[in-house]
Amino acid sequence: MTIDSVAEFLAGVPLLQRLPTSSLTKIAELVQVEHYVKGEFVIHNGNSKGVYFILQGEAEVCVDSDDDIRHEFILTRYDYFGIGVPTPEQQADVVALSKLTCLVLPSEHCCLLQPKQETFPPVETILHLDPVEANIYRGITLPSAPKNDASCRIFGGQFIGHAIAAASKTVDGSKIVHHINAYFLLAGDLDIPVMYEVHCLRDGKSFASRKVDAIQNGIVVFTLLASFHKDEKGFEYQEVVMPRVPAPETLLSVEELRERRIIDPRFPRSYRNKVAAAKHVPRPIDIRFCDPDITTNQIKSPPRLRYWLRTKDKLTNDQTLHRCVVAYAVDLLLGGVVANPHRQRGLTIHALSLNHTMWFHRHVKADDWILLVIESPVATAARGVVLGQMFNQNGELVVSLVQEGLFRAASTPQTTIKAKY
């Protein structure tokens, strides 16, 4: 095959259709032709030469699956696979069902499969507020900032971070937020600025209290109560122990994990193609899952999650900013664990946050690794509760949090397989 004919074939591979022509040409120059006879292993016991693109023939992924999705694991021309997500489960074997010809991109060149990363605004920019008048501030949603993916509503963490920042601007600098209680009243419109009106409830010697109303079109869509406390010495103990988890440096980032899931043959083919084709919006928060798995939103799993997080950019040494950022970041994945025990094929769950409470026990550094441990103890009457604890790398509990959300089955089920994170 000529380089041009190889490039023409590669252009039909769903994984590669997100790449520019120059990348396809480079990959075409590097792929190697491999032939397999019927019954021969292409990947076996985790041994792989790279990423495989089927040119001719059929292959089968050796996984347990229901009969109605068995076809998802029969691979033909233009399908692709490689070594996937590092999990406790064994990597899947792939065996030739017929005479099989594959083009193989060697492992050392698989970086060419990475699409160009879009830029994202620093979280400080996302949480910026403009003063309007005394105790009133304006916040906007930047076009490239994270949003509520389900319905293009304003992301709840943005409301919380903005409201804490607004309240903090009206408090004596010697006091810092230690507790917030937030209520999500109505969906926020992405295209309309939000006016944050701060009400002074109390200014004491050691404590201060504020109420913040987020207003769009003259209607309060979100409200937050915040308490501020001046640092002081006092009794101290900690009963809870940080769980033993892998160090964040040893784990894949969300972006890396996504790329590994795309080529992982243990996932259904339609899911992998959908993820490959979907536009990925980068986040300003680096997230590393402690227990990556191979489930999708159609497979039941326990209502718990553990992951490390930190900002991708360094922040200034302003404790108020770090607490605003932490409050912003924790809402990215919090509510999803409630749905885990109910996931099944054909079921779409609509979710939204109702209320959110946080306690800041110690100073936090949002640009250093923080472990977030979350679980949902109960869901009933269409509402679910999530409990969370955040630890620094020294094992100190720095934040406790609780969120309640509304969870309803969609009236029109959809069968599309989506990622859980």
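User: Let's start with α5. What covers the buried residues of α5?

Analyst: Bear in mind that this is a predicted model. The cover over the buried residues of α5 includes β3, β6 (80-81), α6 and β15 (285-289).

User: How many of the residues of α5 are buried?

Analyst: Eight of the ten, so α5 counts as mostly covered. The buried ones are Val-254, Glu-255, Leu-257, Arg-258, Glu-259, Arg-261, Ile-262 and Ile-263.

User: Now the packing of α5 with α6. How do I read a helix pair, and at what angle do the axes of α5 and α6 cross?

Analyst: The general idea first: a packed pair is described by the angle between the two axes and by the distance between them. Here the axes of α5 (residues 254-263) and α6 (residues 269-277) come within 8 Å, and they cross at roughly 140°. That angle makes α5 oblique to α6, because only angles over 145 degrees count as roughly antiparallel. As for handedness, the α5 and α6 crossing is left-handed.

User: Which residues of α5 and α6 meet?

Analyst: From α5 you have Arg-258, Arg-261, Ile-262 and Ile-263, and they meet Tyr-271, Arg-272, Val-275 and Ala-276 of α6. By class, this contact has five nonpolar residues, three charged and no polar ones. For the spacing along a helix, the rule to keep in mind is 3.6 residues a turn, so positions three or four apart point the same way.

User: Let me try another pair. Where do α1 and α2 make contact, and at what angle do their axes cross?

Analyst: The axes of α1 (residues 3-10) and α2 (residues 21-30) come within 9 Å and cross at roughly 120°. These two helices are therefore oblique to each other, and α1 passes α2 in a right-handed crossing. On the α1 side the contact uses Ile-3, Val-6, Ala-7 and Leu-10, while α2 brings in Leu-24, Thr-25, Ile-27, Ala-28 and Glu-29. Sorted by class, the contact of α1 with α2 has seven nonpolar residues, one polar and one charged.

User: On to charges. How many salt bridges are there?

Analyst: The idea is that side chains of opposite charge can pair when their charged atoms come close. In this model the count comes to 16 salt bridges. Lys-49 sits in the loop between β2 (41-43) and β3 (50-56), and Glu-34 is in strand β1 (residues 32-36), so the pair ties together parts that are 15 residues apart in sequence.

User: Which residues are linked with Arg-258 in a network of salt bridges?

Analyst: Arg-18 and Glu-259. Arg-258 also belongs to the contact of α5 with α6. Asp-367 is buried at 5% relative accessibility, and Lys-365 is partly exposed at 43%.

User: Last topic, the backbone. Which residue other than glycine has a phi near 65°?

Analyst: Asn-135, and that phi is a positive value. Look for Asn-135 in the loop between β9 (130-133) and β10 (136-139), where it is partly exposed with a relative accessible area of 34%. Ala-382 also has a positive phi, near 70°. Ala-382 lies in the loop between β18 (370-380) and β19 (383-392), and its relative accessible area of 33% makes Ala-382 partly exposed.

Note on methods
Residues are numbered from 1 along each chain as its sequence is written. This is a predicted model: local features need pLDDT of at least 70, side-chain atom pairs count only at pLDDT 80 or more; totals for chains, interfaces and linings use all residues. Side-chain values use heavy atoms; hydrogens and water are left out. Axes are lines fitted to C-alpha atoms, for helices over the stretch in contact, and angles run from 0 to 180 degrees between N-to-C directions. Helices (H or I, at least four residues) and strands (E, at least two) are DSSP runs, numbered from the N terminus. Angles under 35 degrees count as roughly parallel, over 145 as roughly antiparallel, 65 to 115 as roughly perpendicular and the rest as oblique. A crossing is left-handed if the near helix is turned anticlockwise from the far one by less than a right angle, and right-handed if clockwise. Contact means heavy atoms within 4.5 Å. Ala, Val, Leu, Ile, Met, Phe, Trp, Tyr, Cys and Pro count as nonpolar, Asp, Glu, Lys and Arg as charged, and the others, Gly among them, as polar. A salt bridge is a side-chain nitrogen of Lys or Arg within 4 Å of a carboxyl oxygen of Asp or Glu. Buried means under 20% relative accessible area, exposed over 50%, partly exposed in between (1.4 Å probe, protein chains only).
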